[in-house]
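Hi everyone, thanks for coming. Please have the sequence and the 3D view open while I talk, and stop me whenever a word is new.

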Amino acid sequence: MSEQYILYGADHSLYTGKARAYLRYKGIDFREVTATRDIYKQVILPQVGAPIVPVLETPDGRFVQDTTDIIDFLEAAHPECPVYPATAVQRLVALLLELYGDEWLVIPAMHYRWSVLDRQREFIFREFGRMSVPDASAEEQVAIGERTSSRFRGSVPALGITPETIPGIEQAYLLLLDQLQAHFSQYDFLLGSRPSIGDFGFVGPLYAHLGRDPVPRALMQERAPAVYAWVQRMNAPRPLSGEFLAADEVPATLLPVLQTMCRDQLPDVLDVVRHNAAWVEQHPGENIPRVLGMHRFTTGTATGERYIHSYAQWLFQRPYAHYHALRGRDRQAAEALLRSIGGFDALNTGIERWVARKPGQLELVTAERPPSGG
Ligand SMILES: N[C@@H](CCC(=O)N[C@@H](CS)C(=O)NCC(=O)O)C(=O)O
């Protein structure tokens with residue numbers, strides 16, 4: 001039996017980048033196996049039930065899918081230098097920023113991969129082809145990649161990326177780069193000298209797409225070199241080093257990022273929560289489909305339609321449950337933070353139906369309300 005963990009994924013995969021950076025920071029012994037066509041057939045589909053990466057295989061042969069579950073599984077097994085801050089407000093911020101990176105920054109990430117395809121076509125298609133068939137020739141890989149990437153390319157309009165929304169998406173991303181440039185000029189990571197779960201949420205979109213695909217990488221290097229340097233640090237960290245800032249401090253440079261998140265993403269998430277509840281009402285006992293139609297969304301100056309991603313509720317429940325479990329001074333400090341970033345109302349909107357993930361499927365199921373409620 002191997003003593004190593006195995007991470008099945010790919011260099012150009014957003015969520016693989018999140019899990020990889022985490023494994024490296026924790027100094028965990030692992031090897032990465034490219035999710036080739038054969039690996040999908042022989043490992044991922046039978047073990048996970050769906051064609052998705054990344055997937056972690058543990059040394060004792062268990063499989064964990066979903067980067068948040070992967071990280072939580074590994075945090076329990078390797079508790080040294082936790083990536084979840086122990087203090088109330090930093091932990092809330094870290095969980096909110098994970099949600100932002102995972103579920104919202106995927107919009108600029110997918111835009112800057114697919115809308116500028118004419119300027120990075122060979123690279124992108126070859127990455128997809130190389131993943132499926134690593135020993136094919138470069139030319140074959142480009143042709144294979146063009147076919148195998150069609151599912152991802154095809155999801156671009158459903159993510160809300162259209163000619164009408166693109167100017168707003170770009171404006172919002174450039175603003176984010178400027179805000180993060182200011183932040184990372186002062187701090188190594190989001191909350192100090194140790195990466196938190198928020199950093200891992202951010203590095204998915206900011207590495208595999210925005211910090212690696214040729215067109216957005218050049219943009220990041222030129223406009224936000226401190227952000228690019230953070231991406232490099234995330235990928236080559238000093239394992240188990242660093243600390244979160246003392247006294248539960250949240251850097252002032254993060255507040256504008258959190259304000260944008262609360263303004264743009266939280267209304268979308270609350271609408272997902274409503275749609276999930278309505279669906280459960282109408283289909284008692286059934287799984288909740290991954291997508292529940294389309295709804296309006298806003299990012300920066302752009303307004304459009306994007307898919308209702310039921311999963312977003314599951315990630316949102318993490319900061320939500322953490323906040324509702326706080327008492328006394330911790331609760332007051334978290335409330336003050338939420339009021340200052342415009343997130344108070346969203347985090348105090350009741351969740352009628354809680355959801356959970358279930359092994360072997362991507363569709364969510366309903367869950368008990370946690371004791372801290374909300
Ligand atoms: N929430 C999941 C998302 C994983 C994900 O969307 N992976 C992409 C590649 S980066 C994929 O394989 N998508 C296929 C699908 O969603 O069906 C995670 O954190 O692992």
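Before that, a word on the ground rules. This is a predicted model, where local features need pLDDT of at least 70, side-chain atom pairs count only at pLDDT 80 or more, and totals for chains, interfaces and linings use all residues. Residues are numbered from 1 along each chain as its sequence is written. When I say helix or strand, I mean a DSSP run, numbered from the N terminus: helices are H or I with at least four residues, and strands are E with at least two.

Let's start at the ligand. Which residues surround the ligand? They are Ser13, Leu14, Tyr15, Ile52, Val53, Asp66, Thr67 and Thr68. Here a residue counts as near a molecule or strand if its C-beta atom, placed from the backbone, lies within 6 Å of it. Two helices, H1 (14-25) and H3 (67-77), each give at least two residues to this shell. By class, the shell has four nonpolar residues, three polar and one charged. For those classes, Ala, Val, Leu, Ile, Met, Phe, Trp, Tyr, Cys and Pro count as nonpolar, Asp, Glu, Lys and Arg as charged, and the others, Gly among them, as polar.

Pro54 sits in the loop between helix H2 (37-48) and E3. Another spot to look at is Cys81, which is not a glycine and yet has a positive phi of about 50°. You'll find Cys81 in the loop between H3 and H4. Why point these out? Because most residues other than glycine have a negative phi, and most peptide bonds are trans.

Now the sheet. Strands of a sheet pair through backbone hydrogen bonds, either parallel or antiparallel. In this model, four strands form an open sheet, ordered E2-E1-E3-E4, with mixed pairing; two strands pair if DSSP finds at least two bridges between them. At the edges are E2 (30-34) and E4 (63-65), each with a single partner strand, so one side of each has no neighbour in the sheet. From one strand to the next, the twist averages 25°. Strands E1 (residues 5-9) and E3 (residues 55-57) run antiparallel and are joined by three bridges. Within that pair, Tyr8 stands opposite Val55 in E3.

There is also a hairpin. Strands E5 (residues 291-299) and E6 (residues 302-309) pair in the antiparallel sense over seven bridges. Thr299 has Ala302 in E6 as its bridge partner. Two residues lie between the strands of this hairpin, and Gly300 there takes a positive phi near 55°.

Last, helix packing. How far apart are the axes of H4 (residues 88-103) and H13 (residues 255-282)? They are 11 Å apart, and the helices pack at an angle of about 55°. Axes here are lines fitted to C-alpha atoms, for helices over the stretch in contact, and angles run from 0 to 180 degrees between N-to-C directions. H4 and H13 are therefore oblique to each other; under 35 degrees counts as roughly parallel, over 145 as roughly antiparallel, 65 to 115 as roughly perpendicular, and the rest as oblique. In this contact, Val93, Leu96 and Tyr100 in H4 meet Leu258, Met261 and Gln265 in H13, where contact means C-beta atoms, placed from the backbone, within 7 Å. That contact has five nonpolar residues, one polar and no charged.

H4 also packs with H15 (residues 328-341), at about 45° and with the axes 8 Å apart. Ala88, Val89 and Leu92 in H4 meet Asp330, Ala333, Ala334 and Leu337 in H15. Six of these residues are nonpolar, none is polar and one is charged.

One more pair: the axes of H6 (residues 121-132) and H7 (residues 138-148) come within 6 Å and cross at roughly 90°. That makes H6 roughly perpendicular to H7. The contact between H6 and H7 has six nonpolar, five polar and six charged residues.

That's my tour, and I'm happy to take questions.

Key. Two residues are in contact if their C-beta atoms, placed from the backbone, lie within 7 Å.
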